[in-house]
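Here is a short briefing for a first look at this chain. Keep the sequence and the structure in view as you read.

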Amino acid sequence: MKRVITYGTFDLLHYGHINLLRRAKALGDYLVVVLSSDEFNWREKHKKCYFTYEERKQLLEAIRYVDLVIPENNWEQKRSDVKEYHINTFVMGDDWEGKFDFLKEYCEVVYLERTPEISTTQIKKDLNSMEAKG
Ligand code: C2G
């Protein structure tokens with residue numbers, strides 16, 4: 001049983017997230033998604049999510065590639081998560097390339113290519129401009 005883990009906010013879930021989750025799951029048999037809490041997002045990423053943690057968790061749990069969703073409350077929990085969940089492979093999009101190489105001591109670290117042109121920020125911008133045009 002190969003166990004994979006990935007982290008993120010996953011607000012306004014979109015096909016870029018799905019592409020990441022599908023490829024992450026393909027690297028093993030069990031995928032743990034560590035979902036940023038509302039507090040962590042605000043305190044550490046200055047991100048105000050459209051959907052609450054519970055709503056984002058519900059959306060992720062409906063995805064066939066996702067086996068478990070747990071909260072991300074701080075930057076430091078990755079080492080203990082990898083140990084506690086017996087993780088073989090840590091996966092992130094390549095916008096984080098190199099940032100988590102310290103985990104190579106505990107598990108395989110894989111950075112996957114981001115899906116270009118789509119992001120939560122872009123969705124919000126596009127919706128705002130559509131609204132403005134009426
Ligand atoms: N992603 C992607 N393609 C996109 C957008 C996002 O592959 N077009 C990937 C990101 O690289 C990340 C995952 O989807 O691996 C989740 O993206 P975010 O919700 O933006 O996650 P982020 O805010 O980067 O949080 O401790 C790590 C952080 O929690 C990561």
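Buried residues make up 46% of the 134 residues in the chain; buried means under 20% relative accessible area, exposed means over 50%, and partly exposed lies in between (1.4 Å probe, protein chains only). This is a predicted model, in which local features need pLDDT of at least 70 and side-chain atom pairs count only at pLDDT 80 or more, while totals for chains, interfaces and linings use all residues. Residues are numbered from 1 along each chain as its sequence is written, and side-chain values use heavy atoms, with hydrogens and water left out.

**Overall build**

- The chain holds five helices and five strands. Both are DSSP runs numbered from the N terminus: helices are H or I with at least four residues, strands are E with at least two.
- Their order along the sequence is β-α-β-α-α-β-α-β-β-α.
- The C-alpha trace spans about 50 × 30 × 30 Å along its principal axes.
- Of the contacts in the chain with a separation of 6 or more, 65% are between residues 24 or more positions apart. Contact means heavy atoms within 4.5 Å.

**Surface and charge**

- The accessible surface of the chain is about 7,800 Å², and carbon and sulfur atoms hold 53% of that. Areas come from the Shrake-Rupley method with a 1.4 Å probe; for residues, only the protein chains shown count as cover.
- The chain has 21 positive and 23 negative charges, and their mean positions are 1 Å apart. Lys and Arg count as positive, Asp and Glu as negative; His and the chain ends are not counted. Each charge is placed at NZ of Lys, CZ of Arg, CG of Asp or CD of Glu.

**Helix 3, side by side**

- Tyr53, Arg56, Lys57 and Leu60 are the buried residues of helix 3. They lie on the same side of helix 3, because they cover an arc of only 100° around the axis. The arc is that of the directions from the helix axis to the C-beta atoms.
- An α-helix has 3.6 residues a turn, so residues three or four places apart point the same way.
- The buried residues of helix 3 pack against helix 1 (15-25), strand 2 (30-36), helix 2 and strand 3.
- The face turned away from the buried side of helix 3 carries the exposed residues Glu54 and Gln58.
- Glutamate 54 has a relative accessible area of 52%.

**The loop between helix 2 and helix 3**

- Histidine 46 sits in this loop, between helix 2 (38-45) and helix 3 (53-61). Its phi is near 50°, a positive value in a residue other than glycine. Histidine 46 is exposed at 61% relative accessibility.
- Lysine 48 is also in the loop between helix 2 and helix 3. Lysine 48 is exposed, at 65%.
- Beyond residues up to four places away in sequence, lysine 48 touches Asp11, Trp42 and Lys124. Lysine 48 and aspartate 11 are 37 residues apart in sequence, and 9.3 Å apart in space, C-alpha to C-alpha.

- Tryptophan 75 lies in the loop between strand 3 and helix 4. It is partly exposed, at 30% relative accessibility.
- Leaving aside neighbours within four places in sequence, tryptophan 75 contacts Phe40, Glu44, Lys45 and Trp96. From tryptophan 75 to phenylalanine 40 the C-alpha distance is 8.8 Å, across 35 residues of sequence.
- Glutamine 77 is in the loop between strand 3 (68-72) and helix 4. Glutamine 77 is buried, with a relative accessible area of 10%.
- Not counting residues up to four places away, glutamine 77 touches Tyr7, Val34, Pro71 and Glu72.
- Histidine 86 is in the loop between helix 4 (78-84) and strand 4 (89-93). Histidine 86 has a positive phi of about 50° although it is not a glycine, and is exposed at 57%.

**Helix 5**

- Serine 129 lies in helix 5 (residues 120-133). Serine 129 is partly exposed, at 33% relative accessible area.
- Serine 129 and tryptophan 75 are 34 Å apart, C-alpha to C-alpha, and 54 residues apart in sequence.
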